[in-house]
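Thanks for taking a look at this one with me.

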Amino acid sequence: MEDEIRDAEYIFEGVKLTEAEERVLRYKKEIYELAKKHLEEDDNDEYEMPDVYDIDGGIHQEERFSVATQRYQLVP
């Protein structure tokens with residue numbers, strides 16, 4: 001995508017683009033920047049094993065389900 005953006009900027013340098021062409025180019029730039037930012041933030045390329053909640057026979061249900069309920073907070 002980076003090459004596609006560079007090509008478009010080089011080929012159409014000094015040329016008035018239509019509104020649709022400008023919108024497509026802006027969209028591609030935005031997607032490229034978001035992808036680049038995501039790759040920079042995610043520098044761990046290895047799989048991480050999930051936590052084990054039932055070690056030594058004790059099952060910690062609160063800890064086990066805390067991930068599932070994290071998104072949903074009770075509002076008083």
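The points below go from the overall fold to individual side-chain pairs.

1. First, what you are looking at. This is a predicted model, in which local features need pLDDT of at least 70 and side-chain atom pairs count only at pLDDT 80 or more, while totals for chains, interfaces and linings use all residues. Residues are numbered from 1 along each chain as its sequence is written, and side-chain values use heavy atoms, with hydrogens and water left out.

2. The overall fold. You will find 3 helices and 0 strands in the protein, following the pattern α-α-α along the sequence. Helices (H or I, at least four residues) and strands (E, at least two) are DSSP runs, numbered from the N terminus.

3. Surface and interior. Of the 76 residues in the protein, 8% are buried; buried means under 20% relative accessible area, exposed over 50%, and partly exposed in between (1.4 Å probe, protein chains only). The protein exposes about 7700 Å², and carbon and sulfur atoms supply 53% of that area. Accessible areas come from the Shrake-Rupley method with a 1.4 Å probe, and for residues only the protein chains shown count as cover.

4. How helix 1 and helix 2 pack. Helix 1 covers residues 2-11 and helix 2 covers residues 19-41; their axes come within 10 Å and cross at roughly 145°. Here, axes are lines fitted to C-alpha atoms, for helices over the stretch in contact, and angles run from 0 to 180 degrees between N-to-C directions.

5. Who touches whom. On the helix 1 side, Glu2, Glu4, Ile5, Ala8 and Glu9 meet Leu25, Lys28, Lys29 and Tyr32 of helix 2, where contact means heavy atoms within 4.5 Å. The residues of this contact divide into 4 nonpolar, no polar and 5 charged.

6. The whole structure has 5 salt bridges, each a side-chain nitrogen of Lys or Arg within 4 Å of a carboxyl oxygen of Asp or Glu. One of them joins glutamate 9 and lysine 29, with the closest N and O atoms 2.8 Å apart. Glutamate 9 lies in helix 1 and lysine 29 in helix 2, so the pair ties together parts that are 20 residues apart in sequence. Glutamate 9 is partly exposed at 38% relative accessibility, and lysine 29 is partly exposed at 32%.

7. Arginine 6 and glutamate 2 meet through their side chains at 2.5 Å, N to O. They are 4 residues apart in helix 1, which separates them by about one helical turn. Arginine 6 is partly exposed at 49% relative accessibility, and glutamate 2 is partly exposed at 32%.

8. And one within helix 2. What distance, N to O, separates the side chains of glutamate 19 and arginine 23 in their salt bridge? It is 3.6 Å. Both residues lie in helix 2, 4 residues apart, about one turn of the helix. Glutamate 19 counts as exposed at 59% relative accessibility, whereas arginine 23 is partly exposed at 46%.

Methods: Nonpolar A, V, L, I, M, F, W, Y, C, P; charged D, E, K, R; others polar.
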